[in-house]
Each structure stands twice: as structure tokens, then as C-alpha cells.
Amino acid sequence: MTRFVALGDSITVGYGDPMPGGSWRGWAALLAEAVGADLCNLAHSGALTRDVAERQLPNALDLRPDLAAVVVGVNDTLRNTFDPPRIGRLLDDTVAALRARGATVLTARLPDPGRMFGLPGPLARPLARRIRAVNAVADAVAARYGTVHFDASAHPSTYDRRMWSVDRLHPSERGHRLLATAYFDLLAARLQLPAARRPSSEPENPEPTFGAQMWWLATRGTKWLIDRSTDLVPSLARMAFKELFADPAGSDPPPGELSTPAR
């Protein structure tokens, strides 16, 4: 059987796609079922590109996957240690190692967090620049190693509100199905997959109730906000100040201005 190893953050864990028993499913599980693969999901919530390269990759290589997913980078844009060149090196190292073992690797261009959160312009523009920087290095890695590269940032359905859970950071079941079907379509020619195996794009589980969504925000969303407030909020405030006063036209800053040394 095809062995599929998924690396990444909470999106690949499956947050936003709850199952009736309380577990998470997510796009990787949907895709694994469609392609007839045995899934080992190594992703964990909050993972940065560094975590994928240093903590998840060694375990992935031990499993000798036929198919591997490396979808990461949103959390990097939300940290004050944001460093595009380092992200690029780590992503390159990760994909290179998996390709050297013979794995077909899935990568992605990521959506704009500012648009997902509905942030005002002075806060959204710096995040947009950051995600463009991450996508630029992801594009370069994808071209270098011939990955299966999904452009989530430009897909017409990406910013449809129905694709996102209540926190607007994690896909809903419908959003996870968008990822699964997109990757299935990209893989179909390479793996000779029959069209009948394509995952459905329509949810099969009831949408979480309003009460369940509010419980998620109260128990998990608030913690996420507090955790990010210690680094993201001050960083965004500084960048927003520059947007409003130092650079009223909102033009991109010189290379490296958004980068800070990694901790």
C-alpha cells in the first residue's frame, strides 16, 4: 500500500474538521482514503517551518514515504521572528530530503491571513507581504524539486467564508475537502487515479452548532490569541505605524525590513 506521511501545522492536523467522536479528520485523511494510502500524520498545532524540518522530518524519513505533504508557513508569518531566507532554507532542506528518498511531495502557496481575518488595511498589508515572501520561497522549492504544488492563495473558492471555521484560521470541513480534491486532481495524472475515487467536495457531517463554535473560541481561540499577543500584536502594531506614518503609500519596505533574527 502507498505510504503517505503528512508534515505541517494544525491545518494538516485537521483542525476545523471535527468528527462525531470528537477527533479531527482533515484534508490529509480525506486524500489518503481517496488514493488508497496508509496515512501517518506527523503534523502538530502551532508548527513553524523550523519544527517541520527539525522535529517532523527525521520521523518522516524513517517511514520511507511514497507520498509526503509539506504544508507549513502561516504560523511563521504570525511571529515576530519572521525570516523568509531561513524559512526558504528549511523548506528546501525538508523537501530535498523527502525527494531524495523517492517521495512525491505535496506543497502549497498559502492564503493571505489578513484577508482571512478581515483585518483593516494597515494590519493586513504587512501580513500580505509576509505571505507573499513565504509563497515566493515555496514556489522556488516547488520548481526546484518538481513538487505537486497547489496554489491555495489564488483558488477562486479560498476566501469563501464557508471554507473556514469560526476562528477564520482553520478550514471548515468544506475547506478541508477543497484541499483534498485539489491535491487529488493534481495527483490523478501522476498516479493514474480513477475519477470515481475523487473525494466529495460537499460536507458529510453536520456543521458545528453556534454553541459548539463559541465553545471552540472560548477554549481554544482565546488561548491562541493570548499566545500570539506576546509577539504578533506588538510586531503588527509596529508595522501598522510605519504603514500609517512612515510609508503612507503602503509600498513594500526594502528586503529584510520585515525579517528579524531567529530565536
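**Close-up 1. Residues of helix H3 meet residues of helix H5 in this predicted model.** On the H3 side, look for Thr 49, Arg 50, Val 52, Ala 53, Glu 54, Leu 57, Ala 60 and Leu 61. Their partners in H5 are Arg 86, Ile 87, Leu 90, Leu 91, Asp 93, Thr 94, Ala 97 and Leu 98. Sorted by class, this contact of H3 with H5 has 10 nonpolar, two polar and four charged residues.

**Close-up 2. The axes of H3 and H5 cross at roughly 10 degrees.** Two packed helices are described by the angle between their axes and the distance between the axes. Here, H3 covers residues 49-63 and H5 covers residues 84-100, and their axes come within 9 Å. Angles under 35 degrees count as roughly parallel, so H3 and H5 are roughly parallel to each other.

**Close-up 3. The largest cavity has a volume of about 170 Å³.** The model holds four cavities of 30 Å³ or more. Around the largest cavity you will find 16 lining residues, with Pro 111, Ala 152, Trp 164, Pro 171 and Leu 179 nearest its centre. Helix H8 (residues 173-191) supplies the largest share of this lining, three residues. By class, the lining of the largest cavity has 14 nonpolar, two polar and no charged residues.

**Close-up 4. The second largest cavity has a volume of about 120 Å³.** This cavity is lined by 11 residues, and Arg 50, Asp 76, Thr 81, Arg 86 and Ile 87 are the closest to its centre. The lining of the second largest cavity divides into five nonpolar, one polar and five charged residues.

Key. Residues are numbered from 1 along each chain as its sequence is written. This is a predicted model: local features need pLDDT of at least 70, side-chain atom pairs count only at pLDDT 80 or more; totals for chains, interfaces and linings use all residues. Side-chain values use heavy atoms; hydrogens and water are left out. Axes are lines fitted to C-alpha atoms, for helices over the stretch in contact, and angles run from 0 to 180 degrees between N-to-C directions. Helices (H or I, at least four residues) and strands (E, at least two) are DSSP runs, numbered from the N terminus. Angles under 35 degrees count as roughly parallel, over 145 as roughly antiparallel, 65 to 115 as roughly perpendicular and the rest as oblique. Contact means heavy atoms within 4.5 Å. Ala, Val, Leu, Ile, Met, Phe, Trp, Tyr, Cys and Pro count as nonpolar, Asp, Glu, Lys and Arg as charged, and the others, Gly among them, as polar. On a 1 Å grid over the protein atoms alone, a cavity is a set of points where a 1.4 Å probe fits but cannot get out, and a pocket is an open set with protein on both sides within 12 Å along at least five of seven lines; lining residues have an atom within 4 Å of a point. Grid points are joined across faces, edges and corners, and a volume is the space filled by probe spheres set on the points.
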